[in-house]
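Please examine the sequence and the three-dimensional structure shown below. The report that follows treats ligand surroundings, a pocket, the domains and the backbone in turn.

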Amino acid sequence: MQYRKLCGEKVSILGFGTMRFPILDKNQKFIDAEKAEEMLDYAIENGVNYLDTAQPYHGGESENFVGRYLKKRNLRDKIFLATKLPAWLIKEEADFDKYFNEQLKKLQTNYIDFYLLHALNARSWKTINNLGVFNWCEKKKAEGKIKHIGFSFHDSYKVFKEIVDAYDKWEFCQIQYNYMDLTFQAGEKGFKYAVKNNIDVIVMEPLRGGQLAKEPPKEIEELWQNFPLKRSYADGALRWLWNKKDVPILLSGMTLMQHVKENIESAKKAEVGILSEKEIKLFKEVRKAYIKRLPFMCTTCKYCEPCPQGVAISSILGFYMMYRMYDDLERSKSFYNGFIKEQNQADKCTECGECMLKCPQQIEIIKWLKESHKVLKKDQK
Ligand code: SF4
Ligand code: SF4
């Protein structure tokens, strides 16, 4: 395993994301403890020293499981433990303590190494900021209950910048970043902005939830095959990140022992600057080929929002683009029907046209919303 510095701590370049453990009875709440423990044992024996959990993972059971595991193996002080404040659940100041104390109890610890304000977006950010979240964080740090404070993020670059600028004591942030998501959410611009502001960046979704690890569409497969150096898709995507000196750690949510072993093998060989110019060019070509599959390119800037009818324009178009790029209809459908409430789905569009006047990409939003709904709406019974 290789190690880099994150907020001054020596962390393994591969962190274990605990939101995709193997499960029993197809129920997210029932973690297959035997298999999950084996995977964690293997990862830790091979040098992984960072575990990332959060309040909602596995229906609230990830924190319980991680807490039990660390206690059973007597590992708490040998592992960097990260968990997150569920920012979207905060309604009043007292909620900060309420959720944090619950988390300490579930994790069977009295401190958290890396504490993140979870999945910040414009709305949750505004609420917790108004409730004085920074004062609360600093109090917890002074008490020794939080060692490092940061945030994870799911919104536009504009909001990302606003959050970075609002506080000069951020130590780290966590963003979705990989060779495909350069303009998605915080994206490459956000990555560079954080680095410029001395905020360490933890990378999440390095494989886009597994999309970059599976066999790609034919024209993209050919690009990989024509390149003389052969790697697995996952290995290539991870190396693209570790190649950068400003990526201290990336998190992988692993479901099978095979994923753990493969990722550890990749991490053993990863070094800054390991990719040749030619290989970097190949990633650019692959990205271009994926983008060529798209009928439009929404950058999730959100200038078109809010829609007066509440249509979740950028998220819907994002899920549709995902379907077109990766040929992954089932996943896109599950996102559309799982994450977009009925009242915010594309069929609520009244075609007022307001959004289209604001879109810098001049996307025919109305047309593509209709198409998205037609393709992604779960089959009616
Ligand atoms: S055209 Fe549809 S999506 Fe766009 S702002 Fe009007 S109602 Fe909302
Ligand atoms: S549809 Fe246009 S304005 Fe709306 S998020 Fe996408 S690129 Fe931005």
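Which residues are the closest to ligand 1, and how many surround it? There are 13 residues around ligand 1, and the closest are Cys 307, Cys 349, Cys 352, Gly 353 and Cys 355. A residue is near a molecule if one of its heavy atoms lies within 4 Å of it.

The model is predicted: local features need pLDDT of at least 70, side-chain atom pairs count only at pLDDT 80 or more, and totals for chains, interfaces and linings use all residues. Residues are numbered from 1 along each chain as its sequence is written, chains are lettered from A and ligands numbered from 1 in the order in which they are written, and side-chain values use heavy atoms, with hydrogens and water left out.

**Ligand shells and pocket**

Helix H14 (354-358) and helix H15 (365-376) each contribute at least two residues to the shell around ligand 1. Helices (H or I, at least four residues) and strands (E, at least two) are DSSP runs, numbered from the N terminus. Ligand 2 is likewise surrounded by 13 residues, with Cys 298, Cys 301, Lys 302, Cys 304 and Cys 359 the closest.

The second largest pocket has 15 lining residues; Tyr 157, Thr 183, Lys 189, Thr 299 and Cys 301 lie nearest its centre. A pocket is an open set of points on a 1 Å grid over the protein atoms alone, where a 1.4 Å probe fits, with protein on both sides within 12 Å along at least five of seven lines; lining residues have an atom within 4 Å of a point. Helix H6 (157-166) and helix H7 (187-196) each supply at least two residues of this lining, and H7 gives the most, with 3 residues.

The table divides these residues by class; Ala, Val, Leu, Ile, Met, Phe, Trp, Tyr, Cys and Pro count as nonpolar, Asp, Glu, Lys and Arg as charged, and the others, Gly among them, as polar.

| Site | Nonpolar | Polar | Charged |
|---|---|---|---|
| Shell around ligand 2 | 8 residues | 4 residues | 1 residue |

**Domains**

An automatic or database assignment sets the domain bounds. The protein chain is divided into domain 1 (3-283) and domain 2 (313-376), whose C-alpha centres lie 27 Å apart. In contact (heavy atoms within 4.5 Å) are 7 residues of domain 1 and 6 residues of domain 2.

**Backbone**

Glu 305 and Pro 306 are joined by a cis peptide bond, with omega about 5°. Pro 306 belongs to the loop between helix H11 (277-292) and helix H12 (313-326). Ala 119, in strand E8 (residues 112-120), has a positive phi near 50°. Most residues other than glycine have a negative phi, and most peptide bonds are trans.
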